[in-house]
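Open the model in your viewer and follow along.

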Amino acid sequence: MSQVVTIRNRQHACAVDLLPLRRIVHALLAGFPQIKPADLGIFLVVSPEMTHLNETFLHHAGATDVIA
């Protein structure tokens, strides 16, 4: 079973070519064979959405770079 990688660009402030990003992610995962198959989701969002997600789900005030 292989890794499932989902990448979505939900922002329009900056143009992002998702194909190179997808290739980088797959290359990084291939470099860590000890990682068991898993789902990885990468969503590119603007600061207000990240702030909302951070406050709603983690109960932390303000924006953050990553929610894991």
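Buried means under 20% relative accessible area, exposed over 50%, and partly exposed in between (1.4 Å probe, protein chains only). Of the chain's 68 residues, 10% count as buried.

This is a predicted model: local features need pLDDT of at least 70, side-chain atom pairs count only at pLDDT 80 or more, and totals for chains, interfaces and linings use all residues. Residues are numbered from 1 along each chain as its sequence is written, and side-chain values use heavy atoms, with hydrogens and water left out.

**Select the whole chain.** Its C-alpha trace spans about 35 × 30 × 15 Å along the principal axes. The radius of gyration is 14 Å, whereas a compact globule of 68 residues would have one near 11 Å. That radius is taken over C-alpha atoms, and the globule rule is 2.2 Å times the number of residues to the power 0.38.

**Switch to cartoon.** Look for 2 helices and 2 strands. From the N terminus, the order is β-α-β-α. Helices (H or I, at least four residues) and strands (E, at least two) are DSSP runs, numbered from the N terminus.

**Now select Ile 67.** Find helix H2 (47-57); Ile 67 lies in the segment after it. Is Ile 67 buried or partly exposed? Ile 67 counts as partly exposed because its relative accessibility is 35%.

Contact means heavy atoms within 4.5 Å. Among contacts between residues at least 6 apart in sequence, 50% join residues at least 24 apart.
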